[in-house]
Amino acid sequence: MVGAHRTTTQLAAAAALHPGHSSQALPVRRSGVAKSTNPDALGTPRAALRSVGPGAAVTNPQSFNGPGLEADVFPPDTQGDVGPNQFFITLNSRFRTYTKAGIPDRVIDQTPEAFFAPAMSPLPAPPDDCNVASDPHVRYDRLSQRWFIVMIDVPGCTGSLPNRVMIAVSDTATLTAQTVWTFFHIAAPAGSFADYPTLGIDANALYIGVNDFAAATGTFAESDGYVVQKSSVLGAGPIVSTRFTLATGAGPGPFTPQGVDDPYDADANGYFLGVDNGEFSTLDLVRISDPGGTPSAATLPFSVPSTASPLPVPHQGNTAGANGFLDAVDDRLYEATMTADGHIWTAHNIGVNASGVASNATRDGSRWYEINPATGPSLAQSGTIFDSAATNPTF
């Protein structure tokens with residue numbers, strides 16, 4: 001597929017034709033797999049930290065109001081990144097750029113449906129004649145000095161129709177009215193709805209992970225990883241993408257595979273990383289060889305200290321009992337990035353007890369990992385941030 005080109009000005013001019021979401025709650029899709037216990041789970045993490053406040057005060061903090069929750073669209077799926085001169089925030093209901101002083105610069109300020117109009121699926125026939133965009137990820141790539149955004153569309157607005165993973169690539173580092181965006185898309189497998197796209201970028205490729213659900217029934221089908229040849233999307237295209245099926249049904253492999261960012265070009269290989277689809281206390285690293293040419297994938301599972309699904313979160317102002325708790329989703333990883341030494345850092349929510357152990361969970365903690373992909377892979381270190389209060393703990 002050859003990319004579609006639009007300048008920022010052209011996108012803004014067309015925005016009136018794409019009003020965006022009406023009031024809508026977007027569903028959270030889970031695998032539904034009952035995970036087993038990993039008998040080889042590692043012992044207590046080396047660094048178990050209590051959430052008792054910062055060790056040092058942050059001086060001269062900067063804060064500013066971001067986009068509001070428009071049209072009652074929730075969750076907002078807040079994402080943002082910083083470029084040479086701008087901060088770019090992407091929500092399910094609004095894309096907006098700011099100066100580094102936190103002032104909207106009016107370069108981009110529109111709905112994601114308006115922005116991604118060149119890449120969205122055609123409107124389905126009535127009564128399903130609507131389409132919205134969801135689940136954005138934005139990156140400023142220092143290696144190519146371009147902005148990348150991925151997002152899915154939702155034909156019919158319910159997730160019951162096959163959809164697309166959409167990609168937008170800028171041609172400048174500093175975004176202006178004259179910046180040209182090129183749009184590409186990848187169709188979900190036949191009969192599938194691709195959900196929760198992730199994004200990692202390195203010198204050779206984009207790594208986009210998705211969870212695929214049967215569009216007709218909503219049941220989890222598989223997780224896929226797309227390796228997009230970076231050189232193919234820095235110009236007009238056509239896009240060159242290779243799909244790897246990483247987990248199926250209740251089988252092993254990464255659920256919600258996170259594409260790993262490598263902004264330092266520290267490793268010639270590319271990677272996906274995720275919690276194991278069928279087993280707690282296991283992470284799955286997928287090593288992609290020759291990502292800029294003819295890629296191949298090898299899944300490398302390894303054990304970590306015990307994990308458990310997070311609990312729904314109580315909060316102030318709740319008047320609906322357990323039905324009003326906040327959804328902690330599941331134990332999926334939320335980001336993965338490589339540092340200059342070639343190690344990968346990631347984190348997720350897990351349920352823990354007052355000792356920070358993932359057993360008889362009474363609260364949620366944050367578990368982080370440092371992983372060496374070159375040796376096994378192996379876990380260099382990990383830790384759990386949690387509240388040890390006996391009663392009424394902070395999640």
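Visitor: In what sense do β11 and β12 pair, and over how many bridges?

Guide: This is a predicted model, in which local features need pLDDT of at least 70 and side-chain atom pairs count only at pLDDT 80 or more, while totals for chains, interfaces and linings use all residues. Residues are numbered from 1 along each chain as its sequence is written, and side-chain values use heavy atoms, with hydrogens and water left out. Strands are DSSP runs (E, at least two residues) numbered from the N terminus, and two of them pair if DSSP finds at least two bridges between them. Here β11 and β12 pair in the antiparallel sense over seven bridges; the bridge partner of S170 is W181, in β12.

Visitor: Which strands form the open sheet, and in what order?

Guide: Five strands, with antiparallel pairing, follow the order β1-β12-β11-β10-β9, and its edge strands, β1 (4–7) and β9 (131–141), each pair on one side only.

Visitor: Which residues have the most contacts inside the largest nonpolar core?

Guide: In soluble globular proteins, nonpolar side chains tend to be buried together. A nonpolar core is a set of buried (under 20% relative accessible area, 1.4 Å probe, protein chains only) Ala, Val, Leu, Ile, Met, Phe, Trp, Tyr and Cys residues joined through side-chain atoms within 4.5 Å. The largest one has 23 residues, and I167, L206, I208, V228 and V233 have the most contacts inside it. β10 gives the most to this core, with four residues.

Definitions and conventions. Buried means under 20% relative accessible area, exposed over 50%, partly exposed in between (1.4 Å probe, protein chains only).
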